[in-house]
Amino acid sequence: MLASVAVLSVFAGVHGSLAGSAIYHGVEFAAVCLAWWGTRRQPPLTRPAMGLVALGVTLYFLGDVSWWVQAELEVGADVAPSDGFYLAGYVALAAGLWRLAGTRDRGRDEIVAGWIDALVVFVAGLALVWQLSLASIVSDAALPVGTRLVWSLYPALDAALIGLVIRLLVQRSRGELTGLTVAAGAAVWMVCDLGYLLGADAELMNLWLDAGWMVGAVLLALSTLPQRSVTPRPESRHSLVRSGLSRLAVCLGALLVPAAMEFVLELTDADETPGLVLIVTLALTALVFVRASLLVRGEAAARARVSSQQRYSAALAAHSSDAVVVLGRDGRLLSDPATLPVLFQVSGDEPVESGDLVRLLGADPQEAHVLFRRALQAAGEVVDGELMCERGGVPFWIGARVVDLSDHSDVGGVVVHVTDITDRKRAEEALAHQAFHDALTGLANRALFADRVEQALRRSARGGGRPAVVFIDLDGFKGVNDTLGHPAGDTLLREVAARLRSVVRLDDTVARLGGDEFALLVEQSGTGPDEAVATAERVLAALAEPIALDGQSVTVSGSVGIAVGEADATSDSLVGDADIAMYAAKMAGRGRSVVFDSGMRASAVAARELEQELQGALAAGEFRLVYQPVIDLADGSVTGFEALLRWDSPVLGPVSPTRFVPVAEASGLIEEIGSWALREACATAAAWRAEHGRDLTMAVNVSAVQLTSPHLVDHIVGALTASGLPPAALVLEVTETALVEDPDRASECLAALRALGLRLALDDFGTGYSSLAHLRQFTVDVLKIDRSFVATIGEDGVMPPIVRGMIDLGRTLGLEIVAEGVETEAQRQLLVDGRCDLAQGHLFARALEPADASLLLLSDAARTGA
């Protein structure tokens, strides 16, 4: 700015001299360079328009240079080459102004309105310049026609520039400086041209005109520079009104031009062009009428849009779960209650006050008031809240976003946006339920159970009784799944869950921990296990009742472990102790409950270690069979063998069957191991029968788990088929324990096995159950006297009555009698005398490896001559 003032000051001091001309043309040349430099940096959209402005500046500069050369050469002419440059510059500048106004983001009516504004100003301006100078130039017969035409073009183009400048200004976007700058430059040129045409010849006036042309060139050049992108601010209602009134004032003001011209002509007695005032008046009136028509049509369209928007908003509100209301800071309802019909369940014409809104929603007035006060204190910040409501006894949720816009000119109140969020809250509750409940049974899951146990332990630490955990593992569930399928297994689990719920108190928690494992949290009033034990007894009684599945009656039992929370117990340790007790119950024979004591931990750790090693033992080839000979007491010959399972663990070393078989049964591995033992024993027996030509038998032990398995028959058939062993040569040994766990299932299984042609042996007879009753219930072929009874036969030569009774019972029932554990000759002799058929024991041979057993058969054949 200071540099511009300095240049103008110097120019004023040397105006009229060669230095003044040099400054004038130097500034204009710099403007030309700046204009083209700025044009090249314009974005592609505005570059053509700015190029026309730069061209106009360039042509004007060439006109000034041509005029200066003509003056220096003292070449006098009314029309000179400089006029061609000037007029061409006006045309280029006019084209640039026209393109700058453009039609971007403008409707058709707005574009037409802009042209009408420009035409109104053009007509009014043309009338003025006609009266001031153009009429005298056209009517001057002393001037050549060409001269009059050229000189007439200057005021006409000035009037056109006036209109184009007005059009550019009225269509300029708010915040856009380019249009304002080019309009200012063109306006300065136009004023200077009018001053020149009016005949300014004084030196001071010439100074002002030259300075104006120079400033105009600089302004036009500056307009070509790229402007920083500024996001226009939204125009307020007041600014829009001012803009519209300004444009209307331009049009109406133009109508005053003819009257002013007539008034001036009357005062000055100047020559009047006939009909000029009438023509101008008619033209301006027609243009203003069209402009007013556009205003009326625009207002009608705006009203229609507003009405349509209102109907649109009302339709949305009528079918929406959302509502927006505006309240005063004192709680008065400021908005139209017709937008509330669905959510608030009011008719559109029903009068509603702000105090009714909370009542209509069924929300807590105190909570709503607190939310409203928070929004007032937030000073324009959005406050979110959720309110639980109730209507007709049905609960639902709404979400509210409240913001105080009392200072906003278009709102003037507190905006409350209310949304029905019931579906979302229910989904959240469902997700929370799924996160903490078992999907199949609806019981608490492991995470929720652990939390409940932890809370119970905290309560017990503050005083009162000690909580207990009852851990339940179903016995026989895998058999149901395998026999009846997984849907039946799911039904069984749901029924078990229902029964568990029925045997606990309201304060207790029932959970499914996974698979067929359940747990109960018993809130005890005392410190002992009495209440938990009573609960466990109710559980076992409830599980003992048959369950109808797919038309079949199924009975499952449970192994139950009980642990009472001590002072230092945690949720994990208490559940773990109950799990250990459950494992002890399962190892003790299932269908029973065991209370945890600290001594169980070591055995449980050992059992878990054993189970872990068992997992891959069969695949690793760690199992083998040894064979105990069965001797005919009449002649001492070998009639068959009993296959005995052995496990040589690389980690634990040789493990006794009394240790690993219960663990295999509890972990579900016994079926796979037992199937392998059956195949191996049958294959060995078939090979020996073929090699030695003797009708040898092979006895294989079957556990309680195998006896209740639906796969046992298939396993036996597969073993017999693969080996070619006759069914009668296979003896399956079952214990009384296995028979009494599920007598009905055991009876069905034994009948199916006998149908195959197998022989059945009752092992460990008389060791703890009502043996005589079992002999009546279950049909067997062989009765094995347990070694504990055989051991009572001493050296006194007297047969113990219990052993004699067993032998006599077997003979009465037509069973084959086998005595186990014969160690001495005296025992053998008394058994012979007592008419016992067969015997096993170390007196005859220990359990042999397959090769040793084969050698025994060879020696036996040589001894008996068989």
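1. Two strands are said to pair if DSSP finds at least two bridges between them, and helices (H or I, at least four residues) and strands (E, at least two) are DSSP runs numbered from the N terminus. This is a predicted model, in which local features need pLDDT of at least 70 and side-chain atom pairs count only at pLDDT 80 or more, while totals for chains, interfaces and linings use all residues. Residues are numbered from 1 along each chain as its sequence is written, and side-chain values use heavy atoms, with hydrogens and water left out.

2. Strand 2 (residues 383-391) and strand 3 (residues 394-405) run antiparallel and are joined by nine bridges, with Met 388 standing opposite Trp 397 in strand 3. The two strands form a hairpin with two residues between them, and Gly 392 in the turn has a positive phi of about 65 degrees.

3. Strand 3 also pairs with strand 4 (residues 413-420), in the antiparallel sense and over eight bridges; Val 403 stands opposite Val 415 in strand 4, and Ile 398 has Asp 420 of strand 4 as its bridge partner.

4. Taken together, four strands make an open sheet in the order 1-4-3-2, with antiparallel pairing. Strand 1 (322-327) and strand 2 stand at the edges, each with a single partner strand, so one side of each is left without a neighbour in the sheet.

5. Helix 13 (residues 365-377) lies across strand 1, strand 2, strand 3 and strand 4, and runs at about 165 degrees to strand 2. Helix 14 packs on the sheet, touching strand 2, strand 3 and strand 4 (contact means heavy atoms within 4.5 Å), and its direction makes about 120 degrees with that of strand 3.

6. Lys 425 belongs to helix 14 (residues 422-436) and counts as buried because its relative accessible area is 13%, where buried means under 20%, exposed over 50% and partly exposed in between (1.4 Å probe, protein chains only). Not counting residues up to four places away in sequence, Lys 425 touches Glu 386 and Trp 397. The charged end of Lys 425 sits over the ring of Trp 397, 4.4 Å from its centre; this description requires NZ of Lys or CZ of Arg within 6 Å of the ring centre and within 35 degrees of the ring normal.

Terms used
Axes are lines fitted to C-alpha atoms, for helices over the stretch in contact, and angles run from 0 to 180 degrees between N-to-C directions.
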